[in-house]
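Please find below my notes on the model under review. They are set out as numbered points for discussion.

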Amino acid sequence: MFTQILQGHIRDRAGARRLMERWVSDLSGEAPGWLGGTHGITDEGELFVAARFADPDAARANNDRPAQDAWWREFVKLFDDTPTVRNSSEAETFLDGGSDDAGFVQVIQGRIADEGALRDALDAMGSVSREEMGRPDLIGGLFCRHDEGPEGTQIVYFTSEAQAREGEARELPAPARDSLAAWDAAMDDVRYLDLREVWMASPA
């Protein structure tokens, strides 16, 4: 799986959502290898898009389409500045992975400081069950390593924000604590994006 991650501050929330939904309804059917997407806007107006494709060739083929180029030229006008685009040829899922049923998504981004600790964290997240995590609100997620440098984006899907906040307040079982400790050791310069306004898209 290949993931394109797009981010930037937008001036028109409603306009951005309309254009994203228009892409899904009008352009996605002809997008080669498109597997789906997670889209959201933070309270501060930052748009986050994670578009999943079968492989890099499919993503490039989509970008080369004239209809895609025309849509993109209209889309970038909504941003305060040129949006950031990151590519990820390597993504690992945990628990149930992403879900179109999520009511709340949290994005965690940072610099990979310790490859060994990152490997331990990903292995732990991949082997621990939801019951062992003590987080029934946690559906799953994926970690995308950026092709452009030693950074990564983790996308975590929850049933709802209210249930996620309740889960955060509980004392976690040992497997969950160990997993989070490994993650903390692996990443530096971490920032969080809370996507309360979030919508998903998948091929029909």
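1. In this predicted model, strand E2 (residues 34-41) pairs with E10 in the antiparallel sense, over five bridges. Within this pairing, His39 has Trp199 of E10 as its bridge partner.

2. The two strands belong to an open sheet of five strands, ordered E4-E1-E3-E2-E10, with antiparallel pairing. Strand E4 (84-88) and strand E10 (197-201) each have a single partner strand and stand at the edges, so one side of each lacks a neighbour in the sheet. On average, neighbouring strands of this sheet are turned by 10° against each other, direction ignored.

3. Helix H1 (residues 13-27) packs on this sheet, where it touches E2, strand E3 (46-53) and E10. The direction of H1 makes about 10° with that of E10.

4. Thr3 is part of strand E1 (residues 2-9). Thr3 is buried, with a relative accessible area of 1%. Leaving aside residues up to four places away in sequence, Thr3 touches Ala50, Ala51, Arg52, Arg86, Asn87, Ser88 and Cys144.

5. Helix H7 (residues 174-186) has 13 residues, which at 1.5 Å a residue should span 18 Å; the end C-alpha atoms are 18 Å apart, in agreement.

6. Which residues of H7 are buried? They are Ala176, Ser179, Ala182, Trp183 and Ala186. Seen down the axis of H7, these buried residues fall within an arc of 130°, and therefore line one face of the helix. Asp178 and Asp184, on the other side of H7, are exposed. The packing partners of the buried residues of H7 include strand E6 (104-112), helix H4 (115-127), strand E8 (151-158) and strand E9 (187-195).

Conventions. Residues are numbered from 1 along each chain as its sequence is written. This is a predicted model: local features need pLDDT of at least 70, side-chain atom pairs count only at pLDDT 80 or more; totals for chains, interfaces and linings use all residues. Side-chain values use heavy atoms; hydrogens and water are left out. Helices (H or I, at least four residues) and strands (E, at least two) are DSSP runs, numbered from the N terminus. Buried means under 20% relative accessible area, exposed over 50%, partly exposed in between (1.4 Å probe, protein chains only). Contact means heavy atoms within 4.5 Å. The expected span of a helix is 1.5 Å times one less than its number of residues. The arc is that of the directions from the helix axis to the C-beta atoms. Two strands pair if DSSP finds at least two bridges between them. Axes are lines fitted to C-alpha atoms, for helices over the stretch in contact, and angles run from 0 to 180 degrees between N-to-C directions.
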